[in-house]
Amino acid sequence: MPCLRITEIFLSLQGESRTVGIPTVFVRLTGCPLRCLYCDTTYAFKGGEPVELADVLSRVADYGVRYVTVTGGEPLAQAACLDLLAALCNEGYEVSLETSGALDVAPVDPRVVKVLDLKTPASGECGRNLLANLAHLTPRDQVKLVICDRADYEWAQVQIEELHLAERCEVLFSPSHGQLEAHVLAEWILHDRLPVRFQIQLHKVLWGGERGR
């Protein structure tokens, strides 16, 4: 039976993406090869506890909701993440994967909705973007860009055009919490009529930086 290293499993409202506001179980895997400058889950870099796949499924089932998000850290850094995603799908959940975009998503179960980051220059990890992943996106998936400043925004505009992002799937723009005022990014998007979904982190509006929320 596969075993995963887990930082936490908790119930919250989905704070981002297309299912924002929906009660969702989050399975946060431990470990990440990236060090984004704005990371708000550095506590997931190390530690965690080993949990067998069957026990993860049992803990998820205890919450009694339909939606499950597998996140990190970078969940795909653990090989058993693929087994977890498939098992959750087999149990009938609506499953999403939050991934940095730096690791190969080709092996991910096609039933999973991929929320793929495209790292901007101000993240400090722009060079880690694995652009080959874009070929594995479907209209059900989403690309997320966290915008830290005007330079990031202008860079993101170029990516939308050159990589045909909006033609592949939905594109999400988020202001980096504490770095860029949400209303400023909103005005930029409106001014340029960008084909993106603006979002803020609902969980931070409700609960600040509290863990497990």
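## Report on a predicted protein chain

The side chains of Ser96 and Thr69 form a polar contact of 2.8 Å. A polar contact is a pair of N or O atoms within 3.5 Å; within protein, one must be able to donate a hydrogen and the other to accept it, and residues adjacent in sequence count only if both atoms are side-chain atoms. The model is predicted, so local features need pLDDT of at least 70 and side-chain atom pairs count only at pLDDT 80 or more, while totals for chains, interfaces and linings use all residues. Residues are numbered from 1 along each chain as its sequence is written, and side-chain values use heavy atoms, with hydrogens and water left out.

**The chain as a whole**

The protein chain contains six helices and nine strands. Helices (H or I, at least four residues) and strands (E, at least two) are DSSP runs, numbered from the N terminus. The protein chain is as compact as a globular protein of its length, because its radius of gyration is 16 Å, close to the 17 Å that the globule rule gives for 213 residues. That radius is taken over C-alpha atoms, and the rule is 2.2 Å times the number of residues to the power 0.38. Along the principal axes, the C-alpha atoms fill a box of roughly 50 × 35 × 30 Å.

Of the 213 residues, 51% count as buried. Buried means under 20% relative accessible area, exposed over 50%, and partly exposed in between (1.4 Å probe, protein chains only). Among contacts between residues at least 6 apart in sequence, 69% join residues at least 24 apart; contact means heavy atoms within 4.5 Å.

**Two serines in strands**

Ser96 lies in strand S5, residues 94–99. Ser96 counts as buried because its relative accessibility is 13%. Beyond its neighbours within four places in sequence, Ser96 is in contact with Val68, Thr69, Val70, Val112 and Val113.

Ser174 belongs to strand S8, residues 170–175. With 3% relative accessibility, Ser174 also counts as buried. The side chain of Ser174 makes a polar contact of 2.8 Å with the side chain of Gln199. Not counting residues up to four places away in sequence, Ser174 touches Glu16, Lys144, Leu145, Val146, Ile147, Leu185 and Gln199.

**Residues in loops**

The loop between strand S4 (67–71) and helix H2 (81–90) holds Gln78. Gln78 is buried, with a relative accessible area of 13%. Leaving out residues up to four places away in sequence, Gln78 touches Leu4, Arg5, Leu29 and Thr30.

Gly73 is placed in the loop between S4 and H2. The peptide bond that joins Gly72 and Gly73 is cis, with omega about 10°. Most residues other than glycine have a negative phi, and most peptide bonds are trans.

His164 has a positive phi, near 55°, and sits in the loop between helix H3 (150–162) and helix H4 (165–168). Arg193 likewise has a positive phi, near 55°, and lies in the loop between helix H5 (182–192) and strand S9 (197–198).

The table lists the accessibility of residues discussed above.

| Residue | Relative accessible area | Class |
|---|---|---|
| Ser174 | 3% | buried |
| Gln78 | 13% | buried |
| His164 | 40% | partly exposed |
| Arg193 | 67% | exposed |
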